[in-house]
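The following report walks through a few features of a single protein chain for someone meeting it here. Please keep the sequence and the 3D view at hand while reading.

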Amino acid sequence: MLRDRVPGPVPNSKQLGLAIRERREDQKLTIEELAARAGVDTSYLSGIERLGRNPSWSKLTRIFQALDVAASELIERAEQIAHAEHANGDRAA
């Protein structure tokens with residue numbers, strides 16, 4: 001249930017980009033290989049991974065398919081990254 005979830009920071013596009021990059025690296029794919037598989041420009045994919053570029057849902061879907069991963073899995077990983085960043089920020093304060 002959604003109400004049972006612990007409230008916390010909502011992941012942003014930069015954290016989703018980090019989750020995509022982690023999965024790509026886990027699969028030992030270069031950015032060029034993933035871009036070709038997903039049918040997106042390499043510089044566009046690089047912008048998603050490194051700069052948190054805000055991609056369209058259709059392009060994200062192609063990236064998820066090229067990585068053979070469910071969208072929910074990468075979104076969950078992005079949530080974990082957001083929580084970790086939030087916790088690290090709290091300790092620094």
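Glu22 forms a salt bridge with Arg77, and the closest N and O atoms of this pair are 2.6 Å apart; a salt bridge here is a side-chain nitrogen of Lys or Arg within 4 Å of a carboxyl oxygen of Asp or Glu. Because Glu22 lies in helix 1 and Arg77 in helix 5 (residues 71-92), the pair ties together parts that are 55 residues apart in sequence. The helices named in this report are DSSP runs (H or I) of at least four residues, numbered from the N terminus.

This is a predicted model, in which local features need pLDDT of at least 70 and side-chain atom pairs count only at pLDDT 80 or more, while totals for chains, interfaces and linings use all residues. Residues are numbered from 1 along each chain as its sequence is written, and side-chain values use heavy atoms, with hydrogens and water left out.

## Salt bridges

A search of the whole structure finds three salt bridges, and they are set out below.

| Pair | N to O distance | Helices | Separation in sequence |
|---|---|---|---|
| Glu22 and Arg77 | 2.6 Å | helix 1 and helix 5 | 55 residues |

Glu22 is partly exposed at 29%, Arg77 counts as partly exposed at 30%, and Glu73 counts as partly exposed at 39%. Arg24 and Glu49, by contrast, are both buried.

## Helix 2

Helix 2 covers residues 31-38, and within it Ile31, Leu34, Ala35 and Ala38 are buried. These four lie on the same side of helix 2, because they cover an arc of only 100° around the axis, the arc being that of the directions from the helix axis to the C-beta atoms. On the other side of helix 2, Ala36 and Arg37 are exposed.

What covers the buried residues of helix 2 includes helix 1 (13-26), helix 3 (42-51) and helix 4 (57-67), where contact means heavy atoms within 4.5 Å. Just after helix 2 comes Gly39, which takes a positive phi of about 70°.

Methods:
Buried means under 20% relative accessible area, exposed over 50%, partly exposed in between (1.4 Å probe, protein chains only). Helices (H or I, at least four residues) and strands (E, at least two) are DSSP runs, numbered from the N terminus.
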